[in-house]
Amino acid sequence: MVKLHPSTDNLIADIYGKYGHPHNRVITEGGIDLVAQTHKMHLKYLGIEKESLNNMSILECGGTGRDALAWARLGAGDVTHIEISEENVNGLKNYAKANKVMNLKVIHADILTVNLDSNAYDIVRSRGVVHHLGFPGLGIARYSKWVKGGGYIHFNLYRGGTFFYYGVKQMRRAIKSEDLPAFIEYIETARIDGDRAGILIDDLFVPTMHNATHALIKKDLTTLKLEIIWPLRGFDEVNHSIVYPDLPEKHEHLQYWVRRNQPYEEPEKISKRLIYH
């Protein structure tokens, strides 16, 4: 049994493992290459050369494991992937074994409770995950503990105040978790495309959706003593230049690369001073 944080809803594993986004998608070579191109763009911005990547440890938090496989394909020294869904964990392990991916470790765990070494990773990455954690601020604080001094953290989150997520929240108020089986049946009967089906399930049924603003996140990053290194410009517009590689129309996100230049504080202690709940 995976140890769950008190704020973690059991449904989250089913949403992403059995039903969720991406709905019924298997890991493909093309999908890995697509994400690898995004990784390359990020590395170029950070000024990290391929030779340096070969000696780096990378932690991917959540997801099917496609992003982790892309890091492994690019030649990262070692890659670790944490995921709460047993289905996703098994799928990733099977793919890695079948394709002889040797520099990848897969952990079945809750991000908010898993026990990882501090100061262990050059990059900690969490795409499409932190806003679904029961306590997202605690998640970011844990990332800060796991990353090495001078290392990088990347995460994104749903931006509060956009019309898209206002509409989503109104629909979520009208839908209950017990409606999910009927909704899945409708999706399959209607033959809705897997990506679109996944977005609908994700937006409407995922147990936790913590939208935020840049002002809120900036306060917590300041408390955590994390330096924002991207984006450097203002936040007058919602559309950012680094978006989901396979869902480029989903612009309603805030995305960050931050760096830890100072010693971390224990996450459970500092989380009491964070406001991203």
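Two helices, α1 (11–19) and α5 (86–98), each put at least two residues into the lining of the largest pocket. Helices here are DSSP runs of H or I of at least four residues, strands are E runs of at least two, and both are numbered from the N terminus. A pocket is an open set of points on a 1 Å grid over the protein atoms alone, where a 1.4 Å probe fits, with protein on both sides within 12 Å along at least five of seven lines; lining residues have an atom within 4 Å of a point.

This is a predicted model, where local features need pLDDT of at least 70 and side-chain atom pairs pLDDT 80 or more, while totals for chains, interfaces and linings use all residues. Residues are numbered from 1 along each chain, and side-chain values use heavy atoms, without hydrogens and water.

Back to the pocket. α1 gives the most to the lining, with three residues. Among the lining residues are Met1, Asp14, Lys18, Glu86 and His108.

Now the core, meaning buried Ala, Val, Leu, Ile, Met, Phe, Trp, Tyr and Cys residues joined through side-chain atoms within 4.5 Å; buried is under 20% relative accessible area with a 1.4 Å probe, protein chains only. The largest has 35 residues, and Ile82, Val124, Tyr143, Trp146, Phe155 and Leu157 touch the most other members. Among the elements supplying at least two residues each are β4 (121–126) and α6 (136–146). α6 gives the most, with five. Another core, of 29 residues, lies apart from it and includes Leu46 and Ile123.

Last, confidence. pLDDT, the predictor's confidence in each residue from 0 to 100, averages 89 over the chain. Over residues 234–243 pLDDT stays under 50. Where pLDDT is low, the predicted coordinates should not be read in detail.

Key: Buried < 20%, exposed > 50% of the residue type's maximum accessible area, 1.4 Å probe, protein only. Contact = heavy atoms within 4.5 Å.
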